[in-house]
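Hi,

Here is the structure I promised to send over. Could you have a look before we talk?

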4 protein chains.
Amino acid sequence: MRFFSDNAAPAHPRVLQAIERANRLDTAYDGDGWSRQLDGAFSDLFGTPARALWVTTGTAANCLALAALCPPFGAIVCHKDAHIENDEAGAPAFFTHGAKLMLVDGPGAKVTPDAVNAACDRVRADVHQVQPRALSITNATEYGLAYVPDEVAALGDIARARGLGFHMDGARFANAIVSTGADPADVTWRAGVDALSFGFVKNGGLNAEALVLFDMDLADEIAVRRKRAGHLLSKGRMLAAQILAMLDDGLWLDTARAANAAAHMLADAAPDRLVYPVEANEIFLNVSADEAASLRAAGFDFYDWAPGEIRLVTSWDQSGEPVEKLAAAIAAL
Amino acid sequence: MRFFSDNAAPAHPRVLQAIERANRLDTAYDGDGWSRQLDGAFSDLFGTPARALWVTTGTAANCLALAALCPPFGAIVCHKDAHIENDEAGAPAFFTHGAKLMLVDGPGAKVTPDAVNAACDRVRADVHQVQPRALSITNATEYGLAYVPDEVAALGDIARARGLGFHMDGARFANAIVSTGADPADVTWRAGVDALSFGFVKNGGLNAEALVLFDMDLADEIAVRRKRAGHLLSKGRMLAAQILAMLDDGLWLDTARAANAAAHMLADAAPDRLVYPVEANEIFLNVSADEAASLRAAGFDFYDWAPGEIRLVTSWDQSGEPVEKLAAAIAAL
Amino acid sequence: MRFFSDNAAPAHPRVLQAIERANRLDTAYDGDGWSRQLDGAFSDLFGTPARALWVTTGTAANCLALAALCPPFGAIVCHKDAHIENDEAGAPAFFTHGAKLMLVDGPGAKVTPDAVNAACDRVRADVHQVQPRALSITNATEYGLAYVPDEVAALGDIARARGLGFHMDGARFANAIVSTGADPADVTWRAGVDALSFGFVKNGGLNAEALVLFDMDLADEIAVRRKRAGHLLSKGRMLAAQILAMLDDGLWLDTARAANAAAHMLADAAPDRLVYPVEANEIFLNVSADEAASLRAAGFDFYDWAPGEIRLVTSWDQSGEPVEKLAAAIAAL
Amino acid sequence: MRFFSDNAAPAHPRVLQAIERANRLDTAYDGDGWSRQLDGAFSDLFGTPARALWVTTGTAANCLALAALCPPFGAIVCHKDAHIENDEAGAPAFFTHGAKLMLVDGPGAKVTPDAVNAACDRVRADVHQVQPRALSITNATEYGLAYVPDEVAALGDIARARGLGFHMDGARFANAIVSTGADPADVTWRAGVDALSFGFVKNGGLNAEALVLFDMDLADEIAVRRKRAGHLLSKGRMLAAQILAMLDDGLWLDTARAANAAAHMLADAAPDRLVYPVEANEIFLNVSADEAASLRAAGFDFYDWAPGEIRLVTSWDQSGEPVEKLAAAIAAL
């Protein structure tokens, strides 16, 4: 029974069916009938004109956006625990040609207005220091916290005032939306977000993520950068079809709801052990090494996160018995 | 009836079935059971220890290999009609951090020993000129010509003598192998090739290509570069499974055989119109604009390649009536 | 008696004196009294508001300009014999983060409107091919030809029409101006040039070149890029002072006049041997290997350029006896 | 009376004289008689075979070394207050093509073995995190502290054990040597340093720094990278001559001694105000805003470093009255 990553989950059957349906002759790259529906589908979802490009990884989505938002000689403000800083092998520097990540701190990997202001104010406005040009936040954060619209809007105001492009890494965007009940528009473009990495793979997709551009002027450049980075797949319809299937009839919300529900069941089993509130599908628990060993001995698989701390991640396909068993095991520690 | 690109073809049913079978829980990225079989599968196929990494595009495969073979300040010798020069949006410069493509000429996009030697000899051995560090050829070439082992070995000798890494873009490797009947080992590692982009997507795959490294020392670095370029998919088993399905029971040879057979049927319809001999699944024909229009009017889809020249590409799923019809239409021009 | 390069000449005494005068305390980098005069000095010289930054090499001047004019995913149209293509060790790719040089041909390293149009028209307007974004010409060219205002203006029209930034490598700008008698404004900003690498080192400077920006919006970004490339010297006043000394009282024209006069003396000695007309301070002569050997035996130093062709370069400090001797030796061949 | 930066000082007269002497015809770039003496001069100074290249800035020296020591996908461990992190406009990322600076903390900008080990141990050995590949320290540090040989050797041991290239930024190397009395060999190659940026410009030079390579295998590659970065000046003899003049008869030690002596005079005036011990030519003092204002009113120029803290820097040409006056003024605060 694995709770180590939503990355390891299978794809949703409706996603596979969509691939099969798309498995017929059509124009290569992104000229096909499915790919051409993406702009419209995301414009509808967000209630504003938007452009959307498929990619195969969150790293690619994040870094293509950042490369368009920040010049090689600029800096991207982000949390010190951000995925782009810690788990993308330096991809932001690769795609941006050397832009700097300007790290801020804060509980639960959440970026606050004060932290952004302080980081930017610390930079002398001269040619010797790298000037901030973009802001990137993760929603839900790397510790499973979700931003509410006002929080994002406050950051958006700073971004606008300081001339920073604003990117949201939404690897678990669906989980955040389900958790807060926010209108997707309110935590993105209405709050000043220019580009959203809209994750599907952790949430039931097979290998398609969407990069949604509310600043539509970025789209043509990013399409070029996508090709230049080797990310323009020839049978792109197989990616577009996955995304359309996830959007169809709210499947992306249903799968996120299932993952979040499982997370809450686990959280409720040991509320006093929670390191952070559970606002998505990640649960960080204070658990001793011995306790962790006993959970593992009982057949549960998860990551040690720090001394005395474990991380559990639930996914769209998890419910019922395994989750109940783990909840019981945690409660019994 | 489309003959404009093998990129537009569907994936083979056995590939889709393999994806479905792999669609269950396993470790993320490339730690899963399918990905871990790749090294062995390609080592068996080529009869030598090799490392193999999945990627989703030929551009990624080519450029990851080139980045490992050539430093940012070096040059890669290739044909002026090479895909890496013309159709990858500058991806080689992106992945290598600015290495130069040193172009050579020659009929049918084929690189000859004389051309490589002349290009290298033209470079002064000083710090003012970019020094050649790698050689890249395409097999089958961009004009559908296949290298025989001796041709590759002659280039391999030059590469070794001059200290050039040797890369083969095998987007249509299968078609070349089927066409020449060569042992895959003889046109690759035995001939001095260090890295092979082994294409599957044009030949029945969905979105998985293999980068096969005969110089196994390159593999760990390329694995890092793959992640850094956003090409480490989290559900990598869905790529590995495709490749294994293509290798299984020689499917990759069967599909290439079908495509090549269709190409020959078309070529035989108008041998005097051929711009190049047909040694894979591409046919370049001298056809006037009026003739091209009449073919299109009859329902055939293809690219104009140059004034008075069209390109037809056949794919693994094409046989029977549409091919016969086109052959007849060409013969009747 | 050396005629192999104007790079090897000494600096003019007035340049050294200027350095000595500037050798006192002042603000570091480019905040000093000398550096702050550059914008004004070049604005006066060109009769239009301009920004000017010192750098220490022509390569840096060229490539900083190109990096501001062309994105990493764009192409720079230039002559196949351009210095940026042949003699800058791939610096354009380094500074631009991988932009492509799109090469055109033409006699004497001169770029023609037809060649630029043909090169650009050849590019498909899709994401697979690198799109042209800048044009760079060298004046005087690498073969010593000077552009007249109409020639530059014709290229400037194309640049504007096609959205290309327009850069002029003026390593021997002074020699070209003296040769054509053109108003500096007419071959630069009035003809559409956005950025000029204004060379001084070959013409009497010690180690200061100027990057003159007629598109003044480029200046702030280039100032950042200059620092980022390690080209912001702390005692910048020693560079600015050199440039001001060269501009003072037309010294830059006097030194170029001297070099050109020496070149013409040599050219007149063997008009029938000239490979190109002499319009600056470079002379390319058809001279057999035996003849070249005899010139060397007589104490003259120069480069073999191609089989049966030698290159002579005169410099600002050459006149009188050595030049007359060489002229006589050539005439006597 | 300025105490804001040793960058603003004039060049030493003997340096100017050397330039004048070198101002005659010689081979361009670094083939001249002066440049060719550098390897020998530094080999003699350090008592070991070494290669040395001139450059014009410390940023260029640092970043060329780092680019040779660390691949684009690696990390360089350095102090969070290091010049390469704070004052080089992202040049390390530019030259290395995106390598990451892995920051450690510690008093006085000094890097300790524990800090390096902790930083490296924190990195998971997988492809998702950037792996450390180089270590860079500054000697004297950005806060004017000097390393003794044992401190460097302890870091060198770690570097060797962990496979890290080891670079020393010696912008104020002379001041550190004079301060500690260490043998230059003992704080560099004998302690495991591979590459030293040996600063001259702050210490009496005009615009020449030396990059000294104890790992001589780096030299040829760095020579290529130097050209590619536009740092190969055509009249390189004017740089080499400066360096040789500084080395001649220990001038570099004399000038550093003078600067350090002035620093100590200031430090002795207010020992209880010192933020750090004075071990080079920088003095950081706890001084209130009012006190700082009074010093400025008395004609002294310096930087505010932090609230309640000022930085004074002395230079080679400062002694006698101005220093005494400032010492008295500080003592009288």
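First, the ground rules. This is a predicted model, where local features need pLDDT of at least 70, side-chain atom pairs count only at pLDDT 80 or more, and totals for chains, interfaces and linings use all residues. Residues are numbered from 1 along each chain as its sequence is written, chains are lettered from A and ligands numbered from 1 in the order in which they are written, and side-chain values use heavy atoms, with hydrogens and water left out.

On to chains C and D. Each gives 47 residues to the contact (heavy atoms within 4.5 Å). Together they bury about 3,800 Å², 59% of it on carbon and sulfur atoms; buried area is the accessible area (1.4 Å probe) lost on putting two parts together, summed over both. On the chain C side, Phe94(C), Arg228(C) and Lys235(C) lose the most area to chain D, together 20% of what that side buries.

Polar contacts link 29 residue pairs across this interface, both residues at pLDDT 80 or more. A polar contact here is a pair of N or O atoms within 3.5 Å; within protein, one must be able to donate a hydrogen and the other to accept it, and residues adjacent in sequence count only if both atoms are side-chain atoms. Salt bridges between C and D come to zero (a side-chain nitrogen of Lys or Arg within 4 Å of a carboxyl oxygen of Asp or Glu).

As for A and B, 100% of the interface residues of chain A are also interface residues in chain B, so the copies meet through the same surface.

Cheers
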